[in-house]
Amino acid sequence: MKMAVFRYISAATAAYCLAISAPTLAQSAGPCGTRACNSITDGPAAARLQLAWDALATTTEQRNKMIEIVKEQTVNGATLWDATASKYFEWRANIMGYDPAPPASRLISSATDWSAMKKVVEDHIRSHLIDPGSADFRWPYGFVFTTYKPTIFSAKVTGWFICGAVNAKNRMGGYAGETPFVVIQDNDEILFSDMGTIAKISCEKSASNMPPPQPQLHAR
């Protein structure tokens, strides 16, 4: 899994210079050949910005905001990527309710026990079911480390975010149909969970930014 994550980061940053079909962050924000163009591969903050720039869910307004912040943080051709990323993702999390590109350090350090994380989620969801033993889980997406704001009135939560669905037997002994769930955990601690409306809206809203499920999520 660690190798795959490195390939993902490398592909995103390498695509910056190719610019086959669309302008990249650096090309749109400054003249090519300057420090602002070349330093996109210099560190995790720049790579994280590029991942967000390339995301299909990122709108023109959001890219324009990114360009605006890059210009603010670029002096004599040198861009302060850490400050740029901090300002941009704080702004975007406030308007979207979740962070579209997790810190690269957490992506790259993903020698993670996905099976153990899956078990933490399943155990938690089962604890809210009438018949825990009948639970049948579906995992359309994988875990991603992010900052999430469940509702406009709630505080932000940072951890491993996962969307899924569960079907289990009701009091009558029949399967009730799938119920969506969203869980955020970190270090085996559940930081937030929901089964129902918030989960359904959150999963639909973040679907285009979610990674495919890790193979361990489909293991029985």
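**Notebook: cores and helix α9**

I looked up the largest nonpolar core first: it has 17 residues, and Val 121, Phe 143 and Phe 181 have the most contacts inside it. A nonpolar core here is a set of buried Ala, Val, Leu, Ile, Met, Phe, Trp, Tyr and Cys residues joined through side-chain atoms within 4.5 Å. Buried means under 20% relative accessible area and exposed over 50%, with partly exposed in between (1.4 Å probe, protein chains only). At least two residues of this core come from each of α8 (114-126), β5 and β6. The largest share, 4 residues, is from α8. I also noted a second, separate core of 13 residues, with Leu 49, Ala 52, Trp 81 and Ala 85 among them.

The model is predicted: local features need pLDDT of at least 70, side-chain atom pairs count only at 80 or more, and totals for chains, interfaces and linings use all residues. Residues are numbered from 1 along each chain as its sequence is written, and side-chain values use heavy atoms, without hydrogens and water.

Of the 220 residues, 44% are buried.

Next I checked α9 (residues 197-206), where Ala 199, Ser 202, Cys 203 and Ser 206 are buried. They lie on the same side of α9 because they cover an arc of only 95° around the axis, taken from the directions from the helix axis to the C-beta atoms. The face turned away from that buried side carries the exposed Thr 197 and Glu 204. The cover over the buried residues of α9 includes β4 (144-148), β5 (157-167), β6 (179-186) and β7 (189-195). Contact means heavy atoms within 4.5 Å.
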